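User: Hello! I am new to this structure and would like to get to know it step by step. Could you take me through it?

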Amino acid sequence: MTYSFSDIDHEYMQQALDLAAQGMNTTTPNPRVGCVLVADDGAVVGSGFHHQAGGPHAEINALNEAGSLALGATAYVTLEPCSHHGKTPPCCDALIAAGVTRVIYGMEDPNPKVAGRGLEGLRCAGIDVCGPLLQTQAMALNVGFIKRMRKGLPFVRIKLAMSLDGRTAMANGESKWITGPAARLDVQNLRARSCAIVTGSGTVKTDNPAMTVRLSDNDRQPIRVVIDSNDQSSKQAAIFHQTGRTVIACVHSLPMDLNTDKEYWYLPEKNGRVSLHHILLKLADEGCNEVLVEAGPTLAGAFVSEGLVDELIVYMAPKLMGSTAKPLFDLPIAGMQEAVSLDIQNVTRIGDDWRITAVPII
């Protein structure tokens, strides 16, 4: 069924989307959701967003704010209200009990436990249900949750920094700093929204990164995963001495409990190395919606060549590093017919640098 939505409907749904975005860094493994309750006279009587897993959902926060004013109101919610008992009761039941008469939703819930059941429950209770509205924007908020629910894999984003001539480090490995402070702060926001950060043992050895989120308003650290097939990383590496979890992904043929001070994931191998596909399966099993890969050309190239990348974020600095410097990807390509085509979706200036957002064309 096709619905006709007014400019006011679009305005209130956009408010709900803006609210949902406030949970960008905190809701994992749950989706980011916002809700606005509007009375017949057009007044907003309640609003809310989902803050974190285990806490009230967006609809409950909005209903709590509205109180008795929710009776007869229209609910604008970015994601179909849940219909199952999880850590919290079903939101569709709460909307029905509050006397909401109309629900406009942004998108259906891809979770198989919901998947239209919430909308059907509302309709059966006599509530007028309309949607989707601003579905593209609603889906963009939850690309990782959608992919995990539909395909059992997280959304994979690769972050790269390069010079204008496509180089990432000098021949001797020196790479700090290619980009400026503004770009590095932008990377902090990418890390903060991610459920996990994946890197390789080569990067750990060469750069000794902490791979942490260092934002003043952040108190959640993504899982840090070091792909180290044969457990060769130094115990003294900075990444193993940070707040939160750091795990080593190694091949399952290695002896168990190699170092009891480290956490290991023993995974199937491919060509003598940890299978990247199985790493992503494991991350999805851990509830990871969005994964950020921060690695050197070898691991970055492997993710691309195996078709496991959903989005590339490339920070380009206005400098030339020369032909002996290291390339962006270790990606052997024999001819133009093998070239990886990309759809450039956005180019934005970040300080003195440029951020290019691209997705592989499959």
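Analyst: Happy to! A term to begin with: two strands pair if DSSP finds at least two bridges between them. Helices (H or I, at least four residues) and strands (E, at least two) are DSSP runs, numbered from the N terminus. This is a predicted model, in which local features need pLDDT of at least 70 and side-chain atom pairs count only at pLDDT 80 or more, while totals for chains, interfaces and linings use all residues. Residues are numbered from 1 along each chain as its sequence is written, and side-chain values use heavy atoms, with hydrogens and water left out.

User: In what order do the five strands of the open sheet stand?

Analyst: Strands of a sheet pair through backbone hydrogen bonds, either parallel or antiparallel. Here the pairing is mixed. Strand S2 (44-49) and S5 have a single partner strand each and stand at the edges, so one side of each has no neighbour in the sheet. From one strand to the next the twist averages 15°, and the order is S2-S1-S3-S4-S5.

User: Which residue of S3 is the bridge partner of Val-38?

Analyst: Strand S1 (residues 34-38) and strand S3 (residues 74-79) are joined by four bridges and pair in the antiparallel sense. For Val-38, the bridge partner in S3 is Thr-74.

User: How many of the six residues of S4 are buried?

Analyst: A residue is buried under 20% relative accessible area, exposed over 50% and partly exposed in between (1.4 Å probe, protein chains only). S4 is largely enclosed by the rest of the structure, because the buried residues among its six number five.

User: What angle does the direction of H2 make with that of S2?

Analyst: Axes are lines fitted to C-alpha atoms, for helices over the stretch in contact, and angles run from 0 to 180 degrees between N-to-C directions. Contact means heavy atoms within 4.5 Å. Helix H2 (residues 58-66) packs on the sheet and touches S1, S2 and S3. With the direction of S2, that of H2 makes about 145°.

User: Are H2 and H3 roughly parallel or roughly antiparallel to each other?

Analyst: Their axes come within 9 Å and cross at roughly 25°. Angles under 35 degrees count as roughly parallel, over 145 as roughly antiparallel, 65 to 115 as roughly perpendicular and the rest as oblique. H2 and H3 are therefore roughly parallel.

User: Which residues make the contact between H2 and H3?

Analyst: From H2 come Glu-59, Ile-60 and Leu-63. Their partners in H3 are Cys-91, Ala-94, Leu-95 and Ala-98.

User: Why do the buried residues of H4 line one face of the helix?

Analyst: In helix H4 (residues 117-124), the buried residues are Gly-118, Leu-119 and Leu-122. Seen down the axis of H4, they line one face because they fall within an arc of 100° (taken from the directions from the helix axis to the C-beta atoms). An α-helix has 3.6 residues a turn, so residues three or four places apart point the same way. The buried residues of H4 pack against helix H3 (91-98), strand S4 (102-107) and strand S5 (128-130).

User: Which residue just after H6 takes a positive phi?

Analyst: Helix H6 (residues 143-151) has several buried residues, including Phe-145, Ile-146 and Met-149. Among the elements covering the buried residues of H6 are helix H5 (135-141) and strand S6 (155-163). Phi is about 70° in the residue just after H6, Gly-152.

User: Where does Pro-132 lie?

Analyst: A cis peptide bond, with omega about 0°, joins Gly-131 and Pro-132. Pro-132 lies in the loop between S5 and H5.

User: Does Asn-271 count as buried or exposed?

Analyst: Asn-271 has a positive phi near 55° although it is a residue other than glycine. Its place is the loop between strand S12 (269-270) and strand S13 (273-274). At 76% relative accessibility, Asn-271 counts as exposed.
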